[in-house]
Amino acid sequence: MKLVKQLAVTACAAAMFATAAHADSIKVGSAGGVTGPIAELVATIVKGRDLARDQINAEGGLLKGDKLEMVIGDSACDPKAAVDAVGKLVNVEQVVGIVGPSCSGATNASVQAVTIPAGVAVLSDSATAPSVTELKDNDTVFRVAPSDAYQGLAIAQLVNKAGIKKVAMTYSNDDYNAGIAKVFEEEFKKMGGEVTANQAHEPNKASYRSELQTLTAGGPEAIAIFAYYGSSGITIIKNSLENGLFGKFFAADGMFDQSVIDQIGADNLKGNISITQASSDTADASYQAFADAFKATGADPAAPYAAHGYDATFMMALAIEKAGSADRAKIKDALRAISDGKGEVVRPGEWAKAKKLIADGKDINYEGASGSADFDENGDVSGVFAVNVVGDDGKWAKELLK
Amino acid sequence: MDPVLYGYMLYGVSLLTVGGMYAILALGLNVQWGFTGLFNAGIAGFFGIGAYTAAILTTNPHTSHIGGFQLPYIVAAIAAMLIAGIIAFLVGKVCLRLRSDYLAIATIGLAEIFRLIVNNETWATNGPRGISQIPRPFENLPEPINQFAFLGVVLVTLAGVYWLMEIARKSPWGRVMTAIRDNETSAKAAGKNVETFRMEGFVIGCMIMALAGALMAHYLKFVNPQTTDPLLATFIVFVMLVIGGSANNKGAILGAFLVWTLWSASEIVAPRLLEAIGMADAGIRSAYVRIFLIGLLLQIFLQKNPQGLLPETRPSSPGKNSS
C-alpha cells in the first residue's frame, strides 16, 4: 500500500506542478481513439495536430504569447469512453475548444451528451457520417472531413460536366449508398438534369437484368451506380454490357477496386466509367506546405486524415486568435469567420502572417492542406474529390475534380 | 460560480451518473455470479439489447432505422427488460445446463452474435453508423439542472433495484440460490429444483443489465455496435463486482462507483504523472500506461483482498433472532 500512497502523492504533486507550469497556456482538447480499433490511424492524426501546435508556438503562440496546449482525451472509438473523455476535457481541463474525436460514433455521442449543452466548439478531423450534419448543434459542431453525402454532389457535377442530361440511377439498399444516391438525385435535378428512373436494389443477387430492363425506360444516356463492387456493382455492369442496356457508368467510391477492371475487362470499360473518391489535392500549395513540414518530422503526409488533423488544429488556433480571448462562445463564432472564402489567404505554416493580419483587423481565409475548408451552413466542408478512370495500363488512373 | 469549480461539479455529476449505471449492471451480475454462481461473460449482449430497445422505442421517426414510436421512457425500459428476459430464457434453456466455464464461452458467443446482428441488420439499426438523437429524460430543463435530474433518475432506479435485490437476498429464494452456488448436489437433495432456480437467477440478472443499457442509451444519446464493446461493458463489470465484494449488493454498488471513478479519473492524472517524470509524447502514451496502472492496482488489491471490500454476509436464518 506504500507504493499506492507514493503514487498518489506524486500524482497530486504532478497535477499542481502542471497547473503552475502552464499558467500562460490556452488548452484545446485533442480527442481521438488513441486506444481501440483505429489506434494506428489516430497516432498519425495526432502527429498532424501536434505539428500545427508546434508551428504555432514557434511563431509567437496565441494572443499575447500564450502557448497552445493540446490535451489528449482517449475516445477509444467507443461512445461510452468518448462521452467520458470529452466530458473531462470540457469540465476538468477547461479546454476552450475540441479537435476530434476521430470516429463518427464517438463524435456523435460526445457532442450530443457533452459539448452542445456546454456550448464548446468541436471541429472533427475524421468523422464523415451524414448524421453529424442533422444534429441541432447551435452552430458548435464543425468538421474538416467531408460528409459522405458530398460525394453525391461530386458525382452530379461529373455527370453534368460530361454533357449528360438524362441519367438512370440505382443504389444498393444500405444507408451509405442510399445517402449518396439521395444527394446525387437532388443535386443533379438542380443542375437541370433529368433522372429518368431511380431504383433501389438488394445486394448479392445473381442477376440484375430485370431491374436494369426497367431502368432503361425514358431513354437515359448513362447509369449512375451507388453500390459496393463485390456485392452488386460488378454484376450490374456485366448485365448492362451483356444485354446492351447501358454503356456509360458513373459510380461512387464503393465501386472503386481493381477487381472491377479485372473482371469486366479494361477494353470494355475504357472511357466509359468514372468512379469518384475522397482525396487530397497533392499539387496544391497548401498541401505542399503541410506535406514538406510533416515529412520533416518523419511522418507520412498521405496517411488518412493526417492533413485534416493539421487543418483542424490550425483553424481552432486561428479562431482563438480571431476571437481575441479564450472565450468558448466567441471562439465558436470566430471559426466561421476565419474560413468563409473571403479575405487574405493563409496557408499551413503561415502562423506569423495570420497573426499579423488578424492584429491589423483584416479578414483571413484559411486554405487548408485537406482542401479549402470553407464551412457551409451545417459546419461541413465540401472536401476534395478525385475521379478514377481506366488508364492505358489497365489500372485505375486518378484525376482531381475541381 | 467559478468556472473551474462549476466544471468539477459537472464532472462529479457525470461520474455519479455513469457509476450509477454500472452499479445497476453490477447488481445484475451479482444475481448471476454472486448468488447463483453463473458465469455470464456476455453482459455486453444484454446491455446492448436494452440500449437498442430503448433507442428504437423512444426516438423520432428516421429514415435510417426502424422506430419512430416515441414511447415514454418507462414503457421503453420495461420493454427492454422484457425482451432481454425472453432472450435470456431462450438462451438459458440451451446453455444453463452447461458447466460454469462452458456457460462463459456460450455467453461470450451470444454477445458477439448480438453485436454482429446490429452491425449487419442495417434496415433496423442503421448498422455501424448507429442510432442518433436518442432523447434523454429532463433534457429540456436548463443547464445544469437537467444533468442533476438525470442523475436523480439513475440513482432512484439504482435504489429500486438494490431494494428489490436485498429483499430477494434475504428471502428463502435468495438462500436457495447461495445453496446452489455452494453445493448443487445438496440443494438437489433438499428437494430444490435447481434448474428452475438457475433459470430465474439468469433471467432476472439479464433483465437488470438491459435496464442499465436502456439508461445508458439515454445518457449517451447515441448507440452503435461499439457501445457493446466488451472491455467497458463486460470485463469492467466483473472487476467492479469482485473488487466491491461478490455476493454483497452493497459491495457491488461500492465497487462500481470506485472502479469507474478510478478508470475515469486516471486519465486526468496519468499524463501529468508521465510529464512530471519527463516522458515524451506523454498524452498518447498515458492512454496505455493508464490501462496498465489500473491493471496493476487491481492485481495488488486482489492479492491482498480476495474477498473484496465488503465480503458476503449471510442473512440470518429464520428461527434465529433476526435483525
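**Close-up views of a predicted two-chain model**

**Figure 1. Strands β1 and β2 of chain A lie side by side.** A:Ala31 stands opposite A:Gly73, a residue of β2(A). The structure shown is a predicted model. Strand β1 of chain A covers residues 25-32, and β2 of chain A covers residues 67-74; 8 bridges join the two, and they run parallel. Strand β1(A) is mostly covered, with 6 of its 8 residues buried.

**Figure 2. The parallel sheet of chain A is built from 5 strands.** This open sheet has the strand order β2-β1-β3-β4-β5, and the pairing is parallel. Strands β2 and β5 (141-143) of chain A stand at the edges with a single partner strand each, so one side of each has no neighbour in the sheet. Direction ignored, neighbouring strands are turned by 25° against each other on average. Strand β1(A) also runs parallel to β3 (residues 97-99) of chain A, to which 2 bridges join it. Within this pair, A:Ser30 has A:Val99 of β3(A) as its bridge partner. Helix α3 (residues 79-91) of chain A lies across β1, β2 and β3 of chain A and runs at about 155° to β2(A).

**Figure 3. A mixed sheet of chain A contains 7 strands.** The strands of this open sheet follow the order β7-β6-β8-β9-β10-β13-β14, and their pairing is mixed. Its edge strands are β7 (194-201) and β14 (396-400) of chain A, each of which pairs on one side only. From one strand to the next, the twist averages 25°. Inside the sheet, β10 (residues 273-278) and β13 (residues 385-390) of chain A run antiparallel and are joined by 4 bridges. One of the paired residues is A:Gln277, whose bridge partner in β13(A) is A:Ala386. Helix α5 (residues 150-161) of chain A packs on this sheet and touches β6 (166-172), β8 (222-226), β9 (249-251), β10 and β13 of chain A. The direction of helix α5(A) makes about 145° with that of β10(A).

**Figure 4. Chain A is divided into two domains.** Domain 1 comprises residues 24-147 and 284-366, whereas domain 2 comprises residues 150-280 and 384-400. The centres of these domains of chain A, taken over C-alpha atoms, are separated by 35 Å. Contact between them involves 5 residues of domain 1 and 4 residues of domain 2. On the side of domain 1 that touches domain 2, there are 4 nonpolar residues, 1 polar residue and no charged residues.

**Figure 5. Chains A and B meet at an interface.** In this view, 38 residues of chain B are in contact with 36 residues of chain A. Helices α1 (3-36), α9, α11 (249-276) and α12 (282-304) of chain B each supply at least two residues of the side that touches chain A. The largest share of that side, 9 residues, comes from α11(B). The residues of chain B on this side divide into 18 nonpolar, 13 polar and 7 charged.

**Figure 6. The largest nonpolar core has 169 residues.** Those with the most contacts inside this core are A:Met315, B:Leu25, B:Ala26, B:Ala80, B:Ala210 and B:Leu211. Helix α9 (residues 194-220) of chain B provides the largest share of the core, 16 residues. Not counting residues up to four places away in sequence, B:Ala80 touches B:Ile49, B:Gly50, B:Thr53, B:Ala54, B:Ala210, B:Leu211, B:Gly213 and B:Ala214. Another core, of 44 residues, lies apart from the largest one and includes A:Ile180, A:Ala227, A:Tyr228 and A:Ile273.

Notes. Residues numbered from 1 in each chain as written. Chains lettered and ligands numbered in written order. Predicted model: local features only at pLDDT ≥ 70, side-chain atom pairs only at ≥ 80, totals over all residues. Core = buried A, V, L, I, M, F, W, Y, C linked by C-beta atoms within 7 Å. Buried ≥ 20, exposed ≤ 12 C-beta atoms within 10 Å, placed from the backbone. Contact = placed C-beta atoms within 7 Å. Domains from an automatic or database assignment. Nonpolar A, V, L, I, M, F, W, Y, C, P; charged D, E, K, R; others polar. Pairing = 2+ DSSP bridges. Axes fitted to C-alpha atoms, helices over the stretch in contact; angles between N-to-C directions.
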